[in-house]
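Here are my notes on the model you sent over. Have it open while you read, and go through the points in order.

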Amino acid sequence: MVTVCVSSEALALLVSEDELEDIRAAVRLSLERAGLEPWRDLEAEYFDRGGGGLLLARPRPPLLSRAPCRRRHRAR
């Protein structure tokens, strides 16, 4: 695994096929090595290049809480 870029907002790794078994562990290790706090949850994309590839990851944004939809009632 080769860390190409790491920040609190994004991570790019060159990984081999066997390192893909535990993506969360690879991301967590790279963040910790850079002195950053591991993300609670993440989104990742993998681009295959035969025998390995590029893994791009970022922290998953929190779910937005929405107020319940209020219906308007027409007066009759």
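What covers the buried residues of helix 1? The cover includes strand 1 (2-6), strand 2, strand 3 (42-48) and strand 4.

1. Ground rules. This is a predicted model, so to speak: local features need pLDDT of at least 70, side-chain atom pairs count only at pLDDT 80 or more, and totals for chains, interfaces and linings use all residues. Residues are numbered from 1 along each chain as its sequence is written, and side-chain values use heavy atoms, with hydrogens and water left out.

2. Overall layout. The protein chain has 1 helix and 4 strands; helices (H or I, at least four residues) and strands (E, at least two) are DSSP runs, numbered from the N terminus. Reading from the N terminus, the elements go β-β-α-β-β. Of the contacts in the protein chain between residues at least 6 apart in sequence, 44% join residues at least 24 apart; contact here means heavy atoms within 4.5 Å.

3. Surface and burial. Buried residues make up 18% of the 76 residues in the protein chain. "Buried" is under 20% relative accessible area, "exposed" is over 50%, and "partly exposed" is in between (1.4 Å probe, protein chains only).

4. The 4 strands form an open sheet in the order 1-2-4-3, with antiparallel pairing. Strand 1 and strand 3 stand at the edges with a single partner strand each, so one side of each has no neighbour in the sheet. The twist averages 20° from one strand to the next. Two strands count as paired if DSSP finds at least two bridges between them.

5. Pair by pair. Strand 1 and strand 2 run antiparallel and are joined by 4 bridges, with V2 opposite L14; the hairpin between these two strands goes through 4 residues. Strand 2 and strand 4 pair over 6 bridges, again in the antiparallel sense, and here A12 stands opposite L56. Strand 3 and strand 4, also antiparallel, are joined by 7 bridges, with F47 opposite L54. Their hairpin has 3 residues between the strands, and G50 in the turn has a positive phi of about 75°.

6. The helix. Helix 1 lies across strand 1, strand 2, strand 3 and strand 4, and runs at about 125° to strand 2. For that angle, axes are lines fitted to C-alpha atoms (for helices, over the stretch in contact), and angles run from 0 to 180 degrees between N-to-C directions. Buried in helix 1 are A26, V27, S30 and L31. Seen down the helix axis, these buried residues fall within an arc of 130°, so they line one face of the helix; the arc is that of the directions from the helix axis to the C-beta atoms. After helix 1 comes G35, with a positive phi near 80°.

7. A serine to look at. S30 lies in helix 1 and is buried, with a relative accessible area of 3%. Not counting residues up to four places away in sequence, S30 touches M1, T3, V6, L11 and L13.

8. The core. Which residues make up the largest nonpolar core? It has 10 residues: L11, L13, V15, A26, V27, L31, W39, L42, L55 and A57. A nonpolar core is a set of buried Ala, Val, Leu, Ile, Met, Phe, Trp, Tyr and Cys residues joined through side-chain atoms within 4.5 Å. Strand 2 (11-16), helix 1 (23-33) and strand 4 (52-59) each supply at least two residues of this core. Beyond its neighbours within four places in sequence, L55 is in contact with L11, A12, L13, V15, I23, V27, A44, E45 and Y46.

9. L14 sits in strand 2 and is partly exposed, with a relative accessible area of 29%. L14 and T3 are 11 residues apart in sequence but 6.5 Å apart in space, C-alpha to C-alpha. Leaving aside neighbours within four places in sequence, L14 is in contact with M1, V2, V4, E19, R49, G53 and L54.
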